Number of protein chains: 2
Amino acid sequence: MQILDGKKTARELEKKLKEKVLLLKETYGRAPKLYVVLVGDNPASLSYVKSKEKACLRTGIEGKTIKLPNTISENDLLKVIKDLNNDDTVDGFIVQLPLPKHIDENTILNAVSSFKDVDGLSLLSAGKVMNRQDGFTPATPKGVMMLLEHYNIKLKGMHAVVVGRSNIVGSPMAKLLLNKDATVTICHRYTTELGFYTKQADIIVVATGVVNLITADMVKKGAIVVDVGINRVDGKIVGDVDYENVKEKTSFITPVPGGVGPMTISALIHNTVEAYMAKMENK
Amino acid sequence: MQILDGKKTARELEKKLKEKVLLLKETYGRAPKLYVVLVGDNPASLSYVKSKEKACLRTGIEGKTIKLPNTISENDLLKVIKDLNNDDTVDGFIVQLPLPKHIDENTILNAVSSFKDVDGLSLLSAGKVMNRQDGFTPATPKGVMMLLEHYNIKLKGMHAVVVGRSNIVGSPMAKLLLNKDATVTICHRYTTELGFYTKQADIIVVATGVVNLITADMVKKGAIVVDVGINRVDGKIVGDVDYENVKEKTSFITPVPGGVGPMTISALIHNTVEAYMAKMENK
């Protein structure tokens with residue numbers, strides 16, 4: 001059994017990215033710039049935003065957070081997004097989710113210019129993933145793909161089972177695995193006998209938010225297990241996999257924390273550099 | 001075993017639609033209008049376009065075909081599309097595929113206004129399918145869903161196996177089945193042991209263009225089999241399923257011809273009426 005060490009991998013990729021960013025800065029006169037739009041003061045959101053700011057610092061990206069009050073209207077938030085779309089010095093930006101209930105998330109996400117949509121959450125970005133075209137991929141599934149690639153895991157012909165079908169993780173994850181020629185099964189809350197499917201899997205990616213959903217009896221010997229879950233239990237962060245009991249059956253497994261989490265942030269930074277390069281090269 | 005009779009179902013749905021169109025015409029003063037843009041004179045395309053024109057006649061939709069020479073430039077074709085986007089009397093239009101090789105299909109498909117994209121082939125329409133939002137769904141998978149609904153087949157909790165992953169059929173098909181709460185497996189040319197998966201399926205949808213790909217030993221007793229394939233063999237139209245040997249094992253099966261084909265055209269007409277209604281109601 002080998003650990004898919006997301007923290008170490010993210011740092012290695014970021015080190016390479018930092019060198020690239022230095023060269024790009026020399027060529028184009030400035031560093032790539034990422035804005036995070038943060039509405040309200042949800043503690044989990046604040047902690048994610050802090051991690052993103054640190055990743056910017058590590059890679060030489062200029063990161064900036066726009067903090068807006070919880071009471072902002074949808075229209076005023078749309079104005080902020082329009083300004084960021086039009087600001088030529090901003091290469092990419094994301095709107096931290098969740099948003100307050102009086103604001104429609106889809107309206108906001110679809111207002112983000114597809115050239116700057118580094119979180120890949122607009123309809124146009126989703127369409128590009130769906131139709132297998134180049135575009136920005138949501139950070140978590142992109143981070144998982146980067147991690148698998150780093151460990152030289154070849155997906156072609158594998159049976160991949162994705163548990164969860166959200167727009168942010170499960171659905172694009174399934175499509176990215178399919179685009180790498182895996183045979184893909186998508187399971188969810190209405191799947192009868194989840195274990196029937198997971199037991200067949202060469203690789204399982206689970207993103208449900210259900211603690212201990214995947215137990216040892218549900219995993220084939222030698223399978224790869226990727227745990228996207230981040231759950232807080234008795235003050236500890238755990239995933240969706242019963243890690244201690246499952247790990248010995250696997251060939252590769254991600255720990256939580258230190259697995260997919262750091263890769264997600266790294267993927268966002270990589271998307272930002274791609275947005276910057278696409279802009280500079282088309283000038 | 002029961003035949004999923006696409007021809008009969010399409011006619012029944014079209015009869016209801018015709019009544020609806022009559023009422024809409026009374027309310028809004030004109031019939032819905034569908035344009036088909038046909039480039040060149042590919043015989044298969046000509047035959048499809050003729051079927052579409054007939055379906056318009058059957059349902060009281062105003063159908064019109066714009067025939068363009070094979071030599072038209074991409075720019076000139078884009079101009080035609082822009083005019084159709086701006087023409088307020090056109091409710092929906094489609095560009096018949098395939099296009100000549102000197103024209104980029106994606107550029108053309110993405111130029112179609114998302115309000116008129118009744119073939120559902122633009123990136124924005126694909127994004128809406130991907131993210132489970134209302135929008136135009138490609139006609140073939142939509143037609144399959146209409147057929148299953150007509151026969152009152154409940155997909156929730158079923159294991160659906162889709163063979164083929166094209167942008168036009170397989171990929172949106174898988175997403176629509178998933179959105180109806182089936183557990184979905186997507187197989188393709190790099191799937192090892194296709195039969196391993198199809199044998200598990202409560203419902204198989206096959207869209208590959210490979211004659212006799214699905215044989216009786218690959219189908220579970222009582223399964224539902226939907227054959228999207230249209231292949232010409234010795235002057236006869238056949239699907240991707242070894243129909244004669246498979247049918248006895250199934251609970252429901254689509255014939256070829258007379259199965260998915262007529263439903264595809266019906267779905268396009270239904271999309272056109274939806275486009276018209278959305279426009280009229282927002283006026």
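Tutor: Residues are numbered from 1 along each chain as its sequence is written, while chains are lettered from A and ligands numbered from 1 in the order in which they are written. In this predicted model, local features need pLDDT of at least 70, side-chain atom pairs count only at pLDDT 80 or more, and totals for chains, interfaces and linings use all residues.

Student: Is A:N231 buried, exposed or partly exposed?

Tutor: Let's count neighbours: a residue is buried if 20 or more other C-beta atoms (placed from the backbone) lie within 10 Å of its own, exposed if 12 or fewer, and partly exposed in between. A:N231 has 15 such atoms within 10 Å, so A:N231 is partly exposed.

Student: Which strand of chain A holds A:N231?

Tutor: Strands (E, at least two residues) are DSSP runs, numbered from the N terminus, as are helices (H or I, at least four). A:N231 lies in the run of residues 231–233, which is strand β9.

Student: How many residues of helix α7 of chain B are buried?

Tutor: This helix covers residues 170–179 and is mostly covered. Among its buried residues are B:G170, B:M173 and B:L177.
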